[in-house]
Amino acid sequence: MENSISNQTIPTPSPKPKPQPKPENNNSVLKSGDTGERVKNLQNKLKRAGYSLEADGVFGANTENAVKAFQRKYNLTVDGIAGPNTLNKLDAVLKQPTKPSQPVAPKPGSSNGSAVVPYPGYVIKRGSTDSANVSRIQRALNVPADGNFGPQTESAVKAYQKRKGLAIDGIVGQATWYTLF
């Protein structure tokens with residue numbers, strides 16, 4: 001028996017390239033109406049930076065307000081859109097060592113949208129030991145000012161956040177502070 005091999009080539013279909021997952025681009029724009037993990041990541045970063053909001057993956061009014069407060073604080077364009085400048089600055093701020101900062105009094109006559117009482121630079125929540133600022137918060141919320149951030153103060157903060165349309169977490173971060181003061 002004779003086997004013959006022909007010189008005939010049989011075309012084989014070329015394999016389809018596998019879709020590659022898109023690398024997460026830290027410089028992508030996030031704005032009101034966006035949803036998903038990237039929004040949740042932004043919200044968690046804003047929370048770590050001291051802003052009071054829920055990390056629910058929905059870029060709504062609370063996220064936009066936190067982004068605007070962050071932009072205002074760091075002299076960025078205040079548009080509520082988390083673009084490359086905002087995202088890069090947020091990453092840079094979070095890389096800095098964290099320690100309570102001393103409040104700096106605003107310049108007389110300045111109106112940059114900041115609070116009358118400067119934000120202390122860290123969140124104040126249940127168990128916080130900053131009795132001066134806890135008492136200040138309690139007075140603003142008509143809670144007996146004992147300097148102890150306990151359940152009564154936390155409830156009052158949550159009720160205030162609800163009235164003001166803020167994320168309801170009972171934590172006084174920058175967004176809550178700026179609406180209080």
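User: In which hand does α1 pass α2?
Analyst: The crossing is left-handed: the near helix is turned anticlockwise from the far one by less than a right angle, while clockwise would be right-handed. Helices are DSSP runs (H or I, at least four residues), numbered from the N terminus. This is a predicted model: local features need pLDDT of at least 70, side-chain atom pairs count only at pLDDT 80 or more, and totals for chains, interfaces and linings use all residues. Residues are numbered from 1 along each chain as its sequence is written, and side-chain values use heavy atoms, without hydrogens and water.

User: How is the packing of two helices described?
Analyst: By the angle between their axes and the distance between the axes. Here α1 (residues 37–48) and α2 (residues 61–73) pack at about 50°, with axes 11 Å apart. Axes are lines fitted to C-alpha atoms over the stretch in contact, and angles run from 0 to 180 degrees between N-to-C directions. That makes α1 oblique to α2.

User: Which residues of α1 and α2 make the contact?
Analyst: Contact means heavy atoms within 4.5 Å. Leu42, Gln43 and Leu46 of α1 meet Thr63, Ala66, Val67 and Phe70 of α2.

User: What links Lys45 and Asp91?
Analyst: A salt bridge, at 2.7 Å from N to O. The rule asks for a side-chain nitrogen of Lys or Arg within 4 Å of a carboxyl oxygen of Asp or Glu. Lys45 sits in α1 and Asp91 in α3 (residues 84–95), 46 residues apart. Both Lys45 and Asp91 are buried (under 20% relative accessible area; exposed is over 50%, partly exposed in between; 1.4 Å probe, protein chains only).

Definitions and conventions. Helix = DSSP H or I, 4+ residues; strand = E, 2+ residues; numbered from the N terminus. Parallel < 35°, antiparallel > 145°, perpendicular 65-115°, else oblique.
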